[in-house]
Amino acid sequence: MFESSRRHLHLLNSGWRAVLYQGGAASAAAAAPPPPPPPPPVCAPRRARSVSRKPDNTAGEPESSIIPVLHLLSDCRSITKMTWRPQYRSSKFRHVFGKAATKENCYDGVPITLSVHDNLLCSVNPRFIAVITECAGGGAFLVLSVNHTGKVDPHHPKVSGHRGNVLDIKWNPFNDFCIASCSEDATVKVWDIPQHGVMKNITVPWKELQGHSRRVGLIEWHPTASNVLFSTGYDYQVMVWNLNCPEPVVKNPVRTISVHSDVVLSMSFNMDGSRLATSCKDKKIRIIDPRTGTLLRETNCKTHKASKVLFLGNLKMLLSTGTSRWNHRQIALWDQEDLSEPLFQEDLDGSSGVLFPFYDPDTHMLYIAGKGDGNIRYYEISSEKPYVHFLTEYRSILPQKGMGVMPKRGLDVCSCEVFRFYRLVTIKSLIEPLSMIVPRRSESYQEDIYPMTAGKEPAMTAEEWLSGMDKGPVLMSLKPGSKLEPYADLGSVKAPVVSVDSQRSVSRPGPLPLGLIQQQQQQEERERRETSTNAPPHDRSSNTITNGQRDFTHCSPPKTENELRQMFYKQQDEIRKLRELLNQRDVRIKQLELEIKNVKNVQSLR
């Protein structure tokens with residue numbers, strides 16, 4: 001009798017442990033109604049004692065004692081199935097990871113500036129990387145080729161035309177050889193960089209802008225209009241400059257915006273450049289019409305003190321970084337049309353460094369990098385609640401003082417790179433490239449993570465923008481080998497977009513005359529006939545022609561391993577070039593189809 005009772009108690013204890021473990025996990029996972037009460041555990045020992053008194057039924061003792069325990073376990077399993085519903089959000093960028101460059105692919109020995117100004121201190125385009133350096137007797141910055149990795153010559157020529165420390169530099173988004181800089185000498189200067197790079201010190205700028213009364217701390221290019229530059233300084237003024245003028249020294253800005261009561265800390269444009277968001281030292285965020293200088297909206301929130309602000313593409317939202325009431329670093333999300341209260345707030349940590357926000361409108365990914373930190377947090381932004389979704393964090397033991405960002409047209413799409421930072425590590429005098437990569441097994445072009453992105457062609461001139469016209473950016477494809485005429489952004493184009501080389505945009509083409517299309521087709525047929533009749537018949541039959549050149553290696557099989565390897569590499573090169581040609585032909589076919597549809601629509605309207 002005692003053995004059977006001990007067995008019953010052991011089974012009951014194990015059953016109750018399972019109920020407490022699984023039921024507790026279920027109640028913590030989801031708020032569900034409590035499960036029905038289990039049968040009283042007192043009944044099990046009573047049944048066991050009544051069965052044990054029968055001398056000839058010892059085999060039935062375990063069966064009768066297990067029955068209530070099995071009931072408990074089955075009830076527990078049913079509860080967990082009903083209440084445990086893990087919510088997973090599908091995302092293509094859930095597993096994005098940061099890959100730092102090796103020491104050979106970094107820029108070593110760069111004398112990074114010791115200035116404590118809260119700017120990025122670095123600017124990058126697909127050809128050059130520019131970084132503000134420490135210099136005696138004025139301000140200077142260094143311009144290096146992107147491919148010039150490794151040890152940097154300590155006597156490398158600099159751009160040194162300012163009389164005070166350089167505080168900010170920005171490349172022209174539509175000209176890879178034009179860069180603007182601002183300084184403590186209260187001037188803004190625009191420089192022409194030679195195509196082969198800086199071979200000697202450059203001291204004479206292309207344009208010098210004189211209008212600020214105190215030092216200039218921040219500059220920004222207009223995102224869609226060519227040669228329109230914005231600058232702001234410690235005189236609390238935001239000035240708009242038109243660089244399409246013959247004078248080398250410009251003293252009168254096109255517009256002066258005087259709506260701030262303190263120093264402007266950051267500026268950001270929306271996609272078409274029709275709105276300008278600023279954060280000020282008075283901890284307020286303002287939305288301004290940059291063409292007229294009218295103040296449209298202003299925050300008056302006591303729980304968030306903004307230091308940096310950023311437009312989030314076409315989502316009609318703003319993101320700001322700053323501090324909370326308790327001096328915790330914080331991010332806040334705002335509705336563009338209502339700045340009374342933030343849509344979302346989150347405290348990150350208690351550090352004191354400034355948080356720099358970076359947003360990729362193509363992937364809707366937000367990157368938060370802290371000055372003096374070694375980590376970079378990244379999120380995904382959506383237009384619905386909860387708006388901000390944390391993905392993961394890149395961590396490094398080396399703190400960064402500033403950062404540069406490569407434009408999307410300079411990324412390596414073959415390795416699925418979606419973002420690239422250039423971290424300024426002052427303790428090692430190092431510039432470290434950091435690539436954000438989407439892990440994919442396929443080595444082919446991934447169209448789902450590379451939509452059409454902003455290209456290097458301006459959507460309009462400075463005069464058109466000043467006259468009241470707004471246009472979205474001219475888009476381009478990142479597909480290798482596709483040399484497209486730029487596409488115009490469908491969301492905000494209000495006039496036909498004409499690129500620099502006077503080619504017509506394709507996404508919303510204007511009416512083309514039928515004679516011009518026929519002339520283009522005849523010219524293509526003529527070129528095809530010329531290429532087919534250039535080679536004599538006996539040459540075409542005797543030798544194989546590869547990419548316009550005769551290839552004699554196909555005449556006889558390879559005899560050595562080196563010849564076999566060379567033939568393999570040549571075949572791989574041929575396949576790659578043929579794929580590029582096919583891609584170009586497909587793009588050309590799509591362009592012609594769009595033009596034909598446009599002509600038919602025009603003829604039907606007539």
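User: Where do I start, and what is the average pLDDT of the protein chain?

Analyst: This is a predicted model, in which local features need pLDDT of at least 70, side-chain atom pairs count only at pLDDT 80 or more, and totals for chains, interfaces and linings use all residues. Residues are numbered from 1 along each chain as its sequence is written, and side-chain values use heavy atoms, leaving out hydrogens and water. pLDDT is the predictor's confidence in each residue, from 0 to 100. Here the protein chain averages 80, and 72% of the residues score at least 70. Residues 42-86 have a pLDDT below 50, with 38 contacts in the model beyond near neighbours in sequence; contact means heavy atoms within 4.5 Å. Residues 484-517 also fall below 50, and that stretch has 73 such contacts. Where pLDDT is low, the predicted coordinates should not be read in detail.

User: How do I check a helix, and what should helix α7 span?

Analyst: Helices (H or I, at least four residues) and strands (E, at least two) are DSSP runs, numbered from the N terminus. The expected span of a helix is 1.5 Å times one less than its number of residues. For the 45 residues of α7 (561-605) that gives 66 Å, and the end C-alpha atoms are 66 Å apart, which agrees.

User: Which strand does β8 join?

Analyst: Two strands pair if DSSP finds at least two bridges between them. Five bridges join β8 to the antiparallel strand β9 (178-183), and valine 166 has serine 183 as its bridge partner. A hairpin of six residues links β8 and β9.

User: Now a single side chain: which polar contact does arginine 291 make with aspartate 470?

Analyst: A polar contact is a pair of N or O atoms within 3.5 Å; within protein, one must be able to donate a hydrogen and the other to accept it, and residues adjacent in sequence count only if both atoms are side-chain atoms. Arginine 291 sits in the loop between β19 (285-289) and β20 (294-298), and counts as buried because its relative accessibility is 14%. Its side chain meets the side chain of aspartate 470 at 2.5 Å. A polar atom of the arginine 291 side chain also lies 2.6 Å from the backbone oxygen of tryptophan 465.

Methods:
Buried means under 20% relative accessible area, exposed over 50%, partly exposed in between (1.4 Å probe, protein chains only).
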